[in-house]
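Morning, everyone. Please take a look at the structure on the screen, and I will walk you through it.

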Protein chains: 2
Amino acid sequence: MPERIGKYTIGLSSMPAILGYAAVVGKKEGEGPLGNEFDYIYTDAAAGQDSWEKAESTMHSDAVRRAIAKAGKTPDDINIVFAGDLLPQCMGTNFGMRELDMPLSGVYGACSTMALSLANAGIWVDSSAANLAVASTSSHFCSAEKQFRMPLEYGGQRAPTCQWTATASGAAVVGRGESNVIMDKVTIGRIVDLGIKDSNNMGASMAPAAAATIADFLSDTATAPTDYDMILTGDLGSIGSALLKELLNKENGIDISAVHNDCGMMMFDANKQEDICAGGSGCGCSGAIVCSHILRRMNDGELNSVLFVGTGALLSSVSPLQSESVPGIAHAVLLRRKP
Amino acid sequence: MPERIGKYTIGLSSMPAILGYAAVVGKKEGEGPLGNEFDYIYTDAAAGQDSWEKAESTMHSDAVRRAIAKAGKTPDDINIVFAGDLLPQCMGTNFGMRELDMPLSGVYGACSTMALSLANAGIWVDSSAANLAVASTSSHFCSAEKQFRMPLEYGGQRAPTCQWTATASGAAVVGRGESNVIMDKVTIGRIVDLGIKDSNNMGASMAPAAAATIADFLSDTATAPTDYDMILTGDLGSIGSALLKELLNKENGIDISAVHNDCGMMMFDANKQEDICAGGSGCGCSGAIVCSHILRRMNDGELNSVLFVGTGALLSSVSPLQSESVPGIAHAVLLRRKP
């Protein structure tokens, strides 16, 4: 049964378990430092489809099918899917889920989607509203660039503050059953907007929201950063990560540097891979890293507790053209090894 | 505590209550048959803003503030907001909620959003994950036409199957406390896509999903249409409503004609108001009608039980240009007078 802890956090007392997880990525992600952790690497960025959007849908559907199969279940067993993506009207999700005939609760949280969908799945399973829930998300470099910045054909130069939208999808199955990893707590974030207007600097727009959610979580639970093996943001990149640490230090007196990592800095090797700039981003970046490397390490006993903080930049394809700033949001999920 | 009933339905045993609700609409909606039911009518379609998207955000924020105030609460009391809209990256929601500093779980369900947000809010309150939750949505004729069809300046002729996207926002506060109306059950829908490709005929693309969800709900609860005072779809319009009744009759042997109504057919008077064609649509159409006329009638004892079935056409601004069909989805919420 969910139980409110402090002002913003919810404890999941029945310990909903991660019964299966899967991640699929594109070629460039497969060539990154975590390449050998993913379930499948698409060497064809179009995934055999005739548009980038359909490629993203195909990868999203693939990740969900794989996660369900790895949990030893079928789509017919799933009570609810929480899923979303970056595209207008969540095209990557809706067209990806179309063939699977599972109840779908669409979510929108920009790059915070993996944490938001996991949080909702955890609440539903903990409360018995669902026996089995799927949380998933996707992003694709080509569908995202076209949407938020420039058509790829334009060949625009990338700013050093840019992040590279990962071509990736991650999915997890949450339910009751045997598993080494459980969901322990969730914190749903509030929108924070400090007025950043540069759509090529998402890290700066998301860092204040990440700081707020981490501070809320630590305050609600009366814990310190070092009580966790990892505080994992996704995806602030190098610039947003530095800003997050500075903000938490100066505003809240909290030092997360000993345990912080960021999916945007893990997906690629900015020194070896071209044009990565400040790191990776996109819903699928943290989705794929959590649903491979992180859950694998937890399953293997290398990590006992990970506070996964999904961070989203809530700009739209229209809002920057109307001189709007970029609101940020961050949602947190505490994953633990089963006691 | 939520309790699963049959394959797709969830009973809310603690009877989460509708503690407050509000609806704001544009001028044309205010001139419709329900004009005197709304909390506020914006005679300025721009709501004092310099873009249609910002106008929608303003109305969305206004509806949420009014609903919270009518529940005798403040935004600081709210544990979670479930909200979404039609615009790319849910701009109407994210920019509308930015100033309110409440935890936000963004949802995407196209025109099914009011039912989807209510369903999620009901589950969270019933399970004690939240004490107070807000469910809300918005749409705006001008921001939607620009996104999904033609720029208004183009002056394109409207097809007779078209629906008029309502300029409207509705919000409800769900919690524990004194109220005449409670949430009794919810059914989360699956995507149904029969291959309709005409983005000027949303009714036809959503009707099969509405039929599936209504059939699932009646089967799960072993009830008949006439066990309810109203089965209210939102928003199929006249063409989608006729198709829904035909599909349910032929495929499932279910006759809902004695109790069916549709928010798309209630918002405007197609005989008196220009260019309404097949009726109203848009997340805000059913959002505003449920959060005014319907909840007011239930509160006054004129209706005892309403099965509200929100219907969404999951097209994107991109998908029709890629020759894709329009997937439909429908989510159901059973509202009841408190016993």
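How many Å separate the centres of domain 1 of chain A and domain 2 of chain A, taken over C-alpha atoms? The separation is 18 Å. Keep in mind that this is a predicted model.

Where are those domains? In chain A, domain 1 runs over 17-175, and domain 2 covers 181-337. They touch: 54 residues of domain 1 of chain A contact 54 residues of domain 2 of chain A. Several elements supply at least two residues each to the domain 1 side of chain A, among them strand E3 (17-26), strand E7 (132-139), helix H5 (141-148) and strand E9 (168-175). Helix H4 (113-126) of chain A is another of these. H4(A) gives the largest share of that side, eight residues. By class, the side of domain 1 of chain A that touches domain 2 of chain A has 31 nonpolar, 16 polar and seven charged residues.

Now step back to the whole chain. Chain A holds nine helices and 15 strands. Its C-alpha trace spans about 50 × 50 × 35 Å along the principal axes. The radius of gyration of chain A is 18 Å, which agrees with a compact globule of 339 residues, because such a globule would come out near 20 Å. Of the 339 residues of chain A, 65% count as buried. Take the contacts in chain A with a separation of 6 or more: 79% of them come from residues 24 or more positions apart.

Next, the two chains together.

What rotation superposes chain A on chain B? It is 180°, with 0.0 Å of shift along its axis and an RMSD of 0.0 Å. That is the relation of a two-fold axis. The same surface serves both copies, and 100% of the contact residues of chain A recur in chain B.

On to the core. Nonpolar side chains tend to be buried together in soluble globular proteins. Here the largest nonpolar core has 251 residues. Which residues have the most contacts inside it? They are A:Ala67 and B:Ala67. Beyond its neighbours within four places in sequence, B:Ala67 contacts residues including B:Gly20, B:Tyr21, B:Val134, B:Ala171 and B:Cys291.

Last, some backbone details. Most residues other than glycine have a negative phi, and most peptide bonds are trans. The bond from A:Gly234 to A:Asp235 is cis, with omega near 5°. A:Asp235 sits in the loop between strand E11 (230-234) and helix H7 (237-252) of chain A. In chain B, a cis peptide bond joins B:Gly234 and B:Asp235, with omega about 5°.

Then phi. A:Ala47 is not a glycine, yet its phi is positive, near 50°. It lies in the loop between strand E4 (40-42) and H2 of chain A. Is A:Ala47 buried or exposed? A:Ala47 is buried, because 20 other C-beta atoms lie within 10 Å. B:Cys277 also has a positive phi, about 55°. B:Cys277 has 19 C-beta neighbours inside 10 Å, so it counts as partly exposed.

Technical notes
Residues numbered from 1 in each chain as written. Chains lettered and ligands numbered in written order. Predicted model: local features only at pLDDT ≥ 70, side-chain atom pairs only at ≥ 80, totals over all residues. Helix = DSSP H or I, 4+ residues; strand = E, 2+ residues; numbered from the N terminus. Rg over C-alpha atoms; globule rule 2.2 N^0.38 Å. Buried ≥ 20, exposed ≤ 12 C-beta atoms within 10 Å, placed from the backbone. Contact = placed C-beta atoms within 7 Å. Domains from an automatic or database assignment. Nonpolar A, V, L, I, M, F, W, Y, C, P; charged D, E, K, R; others polar. Core = buried A, V, L, I, M, F, W, Y, C linked by C-beta atoms within 7 Å. Least-squares fit on C-alpha atoms with pLDDT ≥ 70 in both.
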